[in-house]
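Here is a short briefing on one protein. Look at the overall fold before turning to a single residue.

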Amino acid sequence: MADKSLNKTELVAAVAASTGQSQAAVGAVVDAFFATIADTVAGGGKVTIPGWLAAERTETAARTGRNPQTGAEINIPAGHRVKLTAGSKLKASVK
């Protein structure tokens, strides 16, 4: 079975081909797009692209974990995670 993943280079090439723009221009837009999402989420904001996805920062509580090699308990501090939610159009595209 062939690998069906799409990396950034392939994404940029596909968008450039479908829009007639240069790969350099499309690459700059893609980089700016993800940088803007990262900056917004890092600042505690939520990014929503209706129908496609939503990204937000969530809080995680401090908890006790266990070292799998030694079995010793370790304290895991509170932190932050990123939550991505698929929108209705993205969900419908995989059915």
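What share of the contacts in the protein with a separation of 6 or more comes from residues 24 or more positions apart? The share is 27%, where contact means heavy atoms within 4.5 Å. The model is predicted: local features need pLDDT of at least 70, side-chain atom pairs count only at pLDDT 80 or more, and totals for chains, interfaces and linings use all residues. Residues are numbered from 1 along each chain as its sequence is written, and side-chain values use heavy atoms, leaving out hydrogens and water.

**Fold**
- The protein has three helices and five strands; these are DSSP runs, numbered from the N terminus (helices: H or I, at least four residues; strands: E, at least two).
- From the N terminus, the order is α-α-β-β-β-β-β-α.

**Size and surface**
- The radius of gyration, taken over C-alpha atoms, is 19 Å, while a compact globule of 95 residues would have one near 12 Å.
- That globule rule is 2.2 Å times the number of residues to the power 0.38.
- The C-alpha trace spans about 55 × 40 × 30 Å along its principal axes.
- Of the 95 residues, 16% count as buried, meaning under 20% relative accessible area (1.4 Å probe, protein chains only).

**Threonine 60**
- Threonine 60 sits in strand E2, which covers residues 53-60.
- Leaving aside neighbours within four places in sequence, threonine 60 contacts Ala78, Gly79, His80 and Arg81.

Terms used: Buried means under 20% relative accessible area, exposed over 50%, partly exposed in between (1.4 Å probe, protein chains only).
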